[in-house]
Amino acid sequence: MAHGPAKGLSRWLFTTNHKDIGTMYLWFSFLMFFLGGLFALVIRAELFQPGLQIVEPAFFNQMTTLHGLIMVFGAVMPAFVGLANWMLPMMIGAPDMALPRMNNWSFWILPFAFAALVSTLFMEGGAPDFGWTFYAPLSTTYAPPSVTLFIFSVHIMGASSIMGAINIIATILNMRAPGMTLMKMPLFVWTWLITAYLLIAVMPVLAGVVTMMLMDIHFGTSFFDAAGGGDPVLFQHIFWFFGHPEVYIMILPAFGIVSAIIPTFARKPLFGYSSMVYATASIAFLSFIVWAHHMFTVGMPLAGELIFMYATMLIAVPTGVKVFNWVTTMWRGAMTFETPMLFSIAFVILFTIGGFSGLMLAIAPADFQYHDTYFVVAHFHYVLVPGAIFSITAAVYYWLPKWCGRMYDEAMGRVHFWIAFIGLNVTFFPMHFSGLAGMPRRIPDYNPLWADWNMISSVGAFLFGAAQVLFLYIVIRTIIGGKKASDEVWEASHGLEWTVASPAPYHTFSTPPEVK
Amino acid sequence: MRFPLRTPIALCVLLFFVLSASISYASEWRLNMTEGVTAVSQEVFSLHMLIFWICCGIGVVVFGVMFVSMFLHRKSRGAVAANFHESTALEFVWTIIPLLILVGMAYPATTTLMKIYDTEDAEVDVLITGYQWKWKYDFPEQGVSFFSNMSTPKEQILGGAEKGEHYLLEVDEPLLIPVDKKVRFLVTAADVIHSWWVPDLAVKRDAIPGYINQAWTKVQEPGVFRGQCAELCGKDHGFMPIEVHAVSQDEFDQWIAAKQARAQEIAEAAKQTLSFDELYTQGEAIYANQCATCHQPNGEGVAGVFPAIAGSPIALGALDEHLSRVVKGLGAMPAFGEQLTPVELAAVVTFQRNAFGNNMGDIVQPIDIVNYKQGQ
């Protein structure tokens, strides 16, 4: 039974091994993270001071669009799928994913999707320039020709996500070791199970909306063209029916990661396990009925505004439950602050700050002032960077020793954390101020009124970028020269993944473990 | 190695509180939302501050407990982990308390929202239309209509000249509204979605093709209020500011009268016959203002997006086709029929047919434009 991987390139091309595929997902997402980050730095360099210095407004719009698309679909989502591939089978005591060939396919179409997307930069008329939300008719009648390729690549990304989600659900529901009941599953498994259902529910909606765009652009329909009897606001409703669950897709697995890490370093079981599960499910349910809070200014009737405002405010309740549970898990623990714990604690604090600004944005009358300003940019970067990115970083530090059998350098990990933490806050905290002071988002130039905050943000952004280069160095150095890690890795590690050797053998749990 | 944790943590906590506290000094530092100049904008501001302080309160409690725990319950201090992991009572409490806070918050938010939505009984109506990348204002009752373009010179943007105080927030033709009157804004768009936002009035309404959205304001004191388009609308989204002047009823009436007289002049001017040189020179200036951002100053366009004027089959083809494209637009090309006067349209079409090596030799007179538009 025990045979190793194939040799050379074919190992990676034809692999059906969940660990190999997980590794490829993670490296791919790392690459996309740097590319999306590079685009962000172009934006921040242009905004360093008022006036147009570095790029043209048209190119600036291409940068904001590609930055958003690549970070969402290329960096965050594949990273979570990569973590799921690596960890889910090991956490539930399964030998592999349920559908290994589809697993290979769902990864390997991704590089083509993103190659197509990035290649639009070199097309006549340039890359998509209508923002990652691609509102019609700017993205249809008024779009550059590259929009067609953009639609194609979104279709491929969607197919990849749906296949990944099906695989995850099939694995979790069918392949748990004997005794691993649903309510014994680690929270990372739970949050991914719920995330996978969200993906299956909303990715087809995204595919639908881009297909309607394609029809409008090439086949003479008028779904979103008012001149033909269509409705530009319909686009936004469909987009956000996908888009709001989508932002939860990018945060629920993060909840799972943090719920694994905090108990380990507090040396105390997770507080309120079952309430965590129910809270996750509630958040997922609510995510389907709040979409129009992204559209408070489109002129919905009063009743519509109120319903979406109340539903949105409700999300604070289950989210609050989660935060309180994490804090109570830490309470009266015996904490140590290794790098994964540092990133997880920063996650709890900064994600909560992002939650606060989210609550503020939910108040519709106030949202008339916040909407489409840098306050919103600050809000969603506070939930996505310390939320998704920090949790992924924490997960890498936490499980890397299990993956490669070697320990990272703790001092360097902490240096990485502090540079990233300071860089992040210096970048995004001032955006609250520039936004409240009236700076709209997605503009390449601005009144000197907001110059100070923008300069600070730009400095922070380059600091944050530097921290990620250090991260890459730490990861590579760990893999090629880190100290040997023990099988448990962490003093208080808990769960099936820590019962296998470090590095995890190519095949694990060929015979299912018994869970008591 | 034990990494010195306490100092950076303390620094961050300090930073957070200094930053949060500094928000309350907002008006001088431009950190905070404007209180604005209307009753509604002040209500919105109070809502914003209320929810902000609620968040700060929750933050102090939650982060406070966290920091105490991080300080006391660390292994290096000899802490031994407890083993509790469940409490239905606690879960219940921290579900109910936030719920009550939210209900308390929802009440004032609802009443303010109802006021914002009450657009009845307006005394003045303004129709606002978003164009790429300018605003058009109509007073339907007074028969006044005009475009408002950004007036910041290119040199300031490209760094050749010092930036003025109202850099990117100034226009050639501001919108005037009378003080102490309920002014209703009817907001729509001619091409893509824009959003008309003036922070001091707390009015932000999306301008959407095919929709007429409503908003209103009642300004107490005269003043100048500036804003910007808030919805990404293409290349020059950052360059379509809004300038609203609230003035006395007298001043407003005079301004309306002047606008009406100007409209009369334009109608008269459309009857005159101009020489080729007059048309060409005027056309050149209009081209630079209106066409060059897309079709480029040299008429070469941008490959794949904006067609060239030089050698264009439209500019070198039948006049009717050319007029149709300019007056009615097509796809990404805006309809200039309402944006330019007949004289201006005649001038710019004459210019395009005779510049950049296009040697059609035609002359288009203002009356041709009037006739063309009537024929449609």
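1. A network of salt bridges links Arg267(A), Glu491(A) and Lys75(B); bear in mind that this is a predicted model. Within chain A, the side chains of Arg267(A) and Glu491(A) meet with an N to O distance of 2.4 Å. Arg267(A) sits in the loop between helix 8 (252–266) and helix 9 (273–286) of chain A, while Glu491(A) belongs to the segment after strand 2 (483–484), so this pair ties together parts that are 224 residues apart in sequence. Glu491(A) also meets Lys75(B) in a salt bridge, at 2.8 Å from N to O.

2. Which members of that chain A pair are buried or exposed? Arg267(A) counts as buried, because its relative accessible area is 18% and the cut-off for buried is under 20%. Glu491(A), in contrast, is exposed, with a relative accessible area of 58%.

3. Now for the place where the two chains meet. In chain B, 100 residues are in contact with 104 residues of chain A. The size of an interface is often given as the accessible area lost when the parts come together. Here, the area buried between chain B and chain A is about 8900 Å², and carbon and sulfur atoms give 72% of it.

4. How many salt bridges does the rule find across the interface of chain B and chain A? The count there is 1, and a salt bridge between these chains is the one joining Lys75(B) to Glu491(A). Between chain B and chain A there are also 25 residue pairs in polar contact, counting pairs with both residues at pLDDT 80 or more. On the chain B side, the elements that each supply at least two residues touching chain A include helix 1 (6–22), helix 3 (39–72), helix 4 (88–117) and strand 9 (223–229). The residues on this side of chain B divide into 63 nonpolar, 23 polar and 14 charged.

5. Asp20(A) pairs with Arg11(A), their closest N and O atoms being 2.6 Å apart. Asp20(A) is buried at 2% relative accessibility, whereas Arg11(A) is partly exposed at 23%. The other example joins the side chains of Asp409(A) and Arg477(A), 3.4 Å from N to O. Asp409(A) lies in the loop between strand 1 (406–407) and helix 15 (410–436) of chain A and Arg477(A) in helix 16 (451–481), so the pair ties together parts that are 68 residues apart in sequence. Asp409(A) is partly exposed at 29% relative accessibility, and Arg477(A) is partly exposed at 39%.

6. Chain B is assigned three stretches to explore: domain 1 (29–72 + 87–118), domain 2 (124–267) and domain 3 (270–375). The C-alpha centres of domain 1 and domain 3 of chain B lie 55 Å apart.

7. Ser195(B) is in strand 6 (194–198) of chain B and is buried, with a relative accessible area of 0%. Beyond its neighbours within four places in sequence, Ser195(B) has contacts that include Trp135(B), Arg205(B), Cys229(B) and Glu231(B). Ala315(B) is in the loop between helix 7 (276–295) and helix 8 (319–328) of chain B and is buried as well, at 3% relative accessible area. Leaving aside neighbours within four places in sequence, the contacts of Ala315(B) include Ile309(B), His322(B) and Met360(B).

8. Finally, some backbone details to check. Most residues other than glycine have a negative phi, and most peptide bonds are trans. The peptide bond from Ser502(A) to Pro503(A) is cis, with omega near -10 degrees. Another cis bond runs from Gln132(B) to Trp133(B), with omega near 0 degrees, and Trp133(B) is in the loop between strand 1 (124–131) and strand 2 (134–139) of chain B. Phe134(A), which is not a glycine, has a positive phi of about 30 degrees and is buried at 2% relative accessibility. Asp121(B) has a positive phi too, near 55 degrees, but this residue is exposed, with a relative accessible area of 68%.

Definitions and conventions: Residues numbered from 1 in each chain as written. Chains lettered and ligands numbered in written order. Predicted model: local features only at pLDDT ≥ 70, side-chain atom pairs only at ≥ 80, totals over all residues. Heavy atoms only, no water. Helix = DSSP H or I, 4+ residues; strand = E, 2+ residues; numbered from the N terminus. Buried < 20%, exposed > 50% of the residue type's maximum accessible area, 1.4 Å probe, protein only. Contact = heavy atoms within 4.5 Å. Domains from an automatic or database assignment. Buried area = accessible area lost by both parts, 1.4 Å probe. Salt bridge = Lys/Arg side-chain N within 4 Å of Asp/Glu carboxyl O. Polar contact = N/O pair within 3.5 Å; in protein donor to acceptor, adjacent residues only side chain to side chain. Nonpolar A, V, L, I, M, F, W, Y, C, P; charged D, E, K, R; others polar.
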